[in-house]
Amino acid sequence: MPTAASQAVFTIMLDADDWRFLLSASPAPRTQHVLAFLAPRGTGEVLGDREAFAQHLHLVRRVIELIRSSTSASQPTPVALDEVVGRYLAVEVAGWGTCSIYYETAGRGTPLLLLATAGSDTRQYHGLMSDPALTSRFQLIAFDLPWHGKSNPPGGKRNTDYVLNSQTYTDCIAGVIRALNLPEVPVIVGASMAGAVVVEMVARHPHLVRGAVSSQAGPRVANRHTPWLRNPKVNQTLHVPEWTYGLMSPESPKEDRDRVWWGYSQGGFSVYERDIAYYSTCWDITKVEHMFTQNTPPVVLLSGVYDYSVPPDATRELAARIPGSVVREMPELGHFPHAENAPVFATHLLWALDYIQTRVNSTQVNEAML
């Protein structure tokens, strides 16, 4: 008589301790999702049809949530977008041509250029762009890369022509900064792949940047790129948001986490996969660390401790390769700190911005004394 396991399409094999961590009503950091326990991060494995597992990852996650029988007590981020203004900007990018880039602004003061995570868009920053503690001191500017959000593919480019690498990414950001013609040099802020590129920006274009706040970046990132991300048999509007959902802290408001999920369900086919190809294959600190000098703009590295793709140890390893950088852990947050719990992230971001301003002021004083 066949057993239930032998009839299963796929079976998730974890050891007893891992199951206890995963099913806990309050999971410890980096134990909140089944993907955290699977190889190569853990010793767990999926037996049977792995493609079916990818197709049904959302059901796996939901079953685990029901077993936990717990909900986040955190309140969702209040978002009032009355003061957010959106418009388009013409930007020339080598290899892409003329790009009509959508961007949004809110607030007044020192410019903050906010870069979205892989496959995402400006909506990730709406929580911060409606926070008076930030908008009273800073001009927040978020933009959609071409092929993302409200930025269409450049003229003459096909929907599937999109490829992202260090050159096109940094050239696009530099082009946006120049085209905005800002009254001050901006601080650039990013998480995940954008956390990597802001480090590239201070190395490659230091004259365009006041400082960088990088979240969820390590010296390099492996094991985030899989064939499932572009498999036509795997529904990308379900799989991509599920692939990212578990990276967030279970303590962050569920409504905010669900909005991150919703944003990831709307990307163009293969756009997220192409972004992850940059993050997993192009980004490596060894490619730019020789560019750092004593005049490199200050870098603050923030690390959400629930992120099992880039744990705090990886961020500290990156900091050791960037002269003068500082690290601050965010014990309440995961891989999308700016979007999953904007008010909490804002406290860390304000600390980082104050640190950068102090460093800039100190450099200016030293230069004046020479």
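In the predicted model, Ser280 is in contact with Val221, Arg224 and His225, residues up to four places away in sequence being left out of account. Ser280 itself belongs to helix α11, which comprises residues 271-282. The relative accessibility of Ser280 is 19%; since burial is assigned under 20%, Ser280 is therefore classed as buried.

Helix α11 is also among the elements against which the buried residues of helix α9 pack, together with α3 (50-55), α4 and α10 (254-264). Helix α9 spans residues 236-245. Of its 10 residues, 8 are buried, so α9 is largely enclosed by the rest of the structure. The buried positions of α9 are Gln236, His239, Val240, Pro241, Glu242, Trp243, Thr244 and Tyr245.

The description of two packed helices rests on the angle between their axes and the distance between the axes. For helix α4 (residues 57-68) and helix α9, the angle is about 45° and the axes lie 9 Å apart. The two helices are therefore oblique to each other. On the α4 side, the contact is formed by Leu57, His58, Arg61 and Glu65, whereas α9 contributes Leu238, His239, Glu242, Trp243 and Tyr245. Classified by residue type, this contact of α4 with α9 comprises 4 nonpolar, 2 polar and 3 charged residues.

Technical notes:
Residues numbered from 1 in each chain as written. Predicted model: local features only at pLDDT ≥ 70, side-chain atom pairs only at ≥ 80, totals over all residues. Heavy atoms only, no water. Axes fitted to C-alpha atoms, helices over the stretch in contact; angles between N-to-C directions. Helix = DSSP H or I, 4+ residues; strand = E, 2+ residues; numbered from the N terminus. Parallel < 35°, antiparallel > 145°, perpendicular 65-115°, else oblique. Contact = heavy atoms within 4.5 Å. Nonpolar A, V, L, I, M, F, W, Y, C, P; charged D, E, K, R; others polar. Buried < 20%, exposed > 50% of the residue type's maximum accessible area, 1.4 Å probe, protein only.
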